[in-house]
Amino acid sequence: MTADRENERRVKRRHVFYISGYDPRGPSHYHRLYKEEAAKQTSINGLVCEVGPRRSVSPTESIWEIRTPATVTAYSFLRYDDLMRTRWTKTNWQVLREILRYALLFVRRGVFRRVLFVSWPMLVTTLYAVNLVILAVLIAVLAGAAVGAFAGWIAGIVAAVAVFAGLVQLRAPLEDKITAFWLARILSFIADQGSDSLPELDRRIDAFAQRIASVLRDDPPDEILVVGHSVGTQLAVSVAARVLRLEPGARLSLLTLGHTIPLQSLQPGAEKFRAELAEVAGNPGVQWIDVSAAIDSACFPLTDPVTTSGLAQAEPAKPSPKLISARFPKLFTPATYARLRRQFQRAHFQYLMAAELSGDYDYFLITAGDRTLAGRFSHLASNTGFNRFRLGRA
């Protein structure tokens, strides 16, 4: 199918396969989020969505139906939240261990240095939890020195240990207010992704790919749309690559939102993932759109995940993915946008939520409207000139 025909093609039936980021909240949360935010967006885009009830079809998939006057969409939430919950550290000392663990691994693998040159705000994000630990150590040392000056060095050491332990205990009451601990768990997970040491996740990715391949074989809709958000973008790329191996010649739409791909691909042990990344980017049957926002410092905004990973684009004149800015300033009033910029976690999840104003990016038109992903963004060129956060080459 030519690009022009793909852009003109209308969708009556679609199957969305959604892969969340590193979030232990399961399908009930994301079903509720979709239903509530789609209802809010109706006043903006005029698309009336009837979001049906959620039902579990297997231990790895929940599904709900979205009906509009023109389109019926099956929306599958592909589950790996059970794997996350087995890793989700709860005690203060476990979280501290996660911070120290990923920091040491990233230093040894050169991740911090590479990320600095790709997108310095992401370096700030990855060092957030580490800096909190360093700050706690400095406060403890200063307190110990002050006590030691008056009561001796043994009392000073005891005081320093006590102060540090007390600061660690502050994690629990601050959990919902400080995103550092959420980030520490994510980065520890990505460190394992980068060494290809998550066999349970690898088997789950295979299961996701087999499920999508079965739909392609048995009842292909007008569009199969694979969506990955945050850390789920890495999984979405791997899933797409394995679908294409199972079903050569298949057509897929791939939407990545707030991608964190270089955090995995820049690690020396991620050879398998880099090969999958190259396969997906170089396959003409994949229409890949990447959407990001400059205010989202939990992603690599408007950054080509392929060349950043040290890979070559199969067609340099027409690189894949097409990089699209969400243009959040155009989707909100100035007052709301000013608040959004200050909300780190909300900015990272805004891709899945309703806006205040109409714009090119609309998650609900993408997933429930009657145009293909490629068609919806055919009027926009890839935003390859964004270099505000880049210091050089990775």
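**Salt bridges and a buried arginine**

The count of salt bridges comes to 19, a salt bridge being a side-chain nitrogen of Lys or Arg within 4 Å of a carboxyl oxygen of Asp or Glu. The model is predicted: local features need pLDDT of at least 70, side-chain atom pairs count only at pLDDT 80 or more, and totals for chains, interfaces and linings use all residues. Residues are numbered from 1 along each chain as its sequence is written, and side-chain values use heavy atoms, with hydrogens and water left out.

One of the salt bridges joins Asp370 and Arg10, at 3.4 Å from N to O. Asp370 lies in the loop between α18 (363-368) and α19 (373-376) and Arg10 in the loop between α1 (3-8) and β1 (13-19), so this pair ties together parts 360 residues apart in sequence. Helices (H or I, at least four residues) and strands (E, at least two) are DSSP runs, numbered from the N terminus.

Asp192 and Arg87 also form a salt bridge, with their closest N and O atoms 2.9 Å apart. This pair links helix α9 (residues 180-194), which holds Asp192, to helix α3 (residues 81-87), which holds Arg87, across 105 residues. Asp192 is buried at 9% relative accessible area, whereas Arg87 is partly exposed at 23%; buried means under 20%, exposed over 50%, and partly exposed in between (1.4 Å probe, protein chains only).

Arg274, in helix α13 (residues 271-282), is buried yet has no salt bridge. The nearest side chain of opposite charge, Glu271, is 4.4 Å away (Lys and Arg count as positive, Asp and Glu as negative; His and the chain ends are not counted). A polar atom of the Arg274 side chain lies 3.2 Å from the backbone oxygen of Pro268.

Methods:
A polar contact is a pair of N or O atoms within 3.5 Å; within protein, one must be able to donate a hydrogen and the other to accept it, and residues adjacent in sequence count only if both atoms are side-chain atoms.
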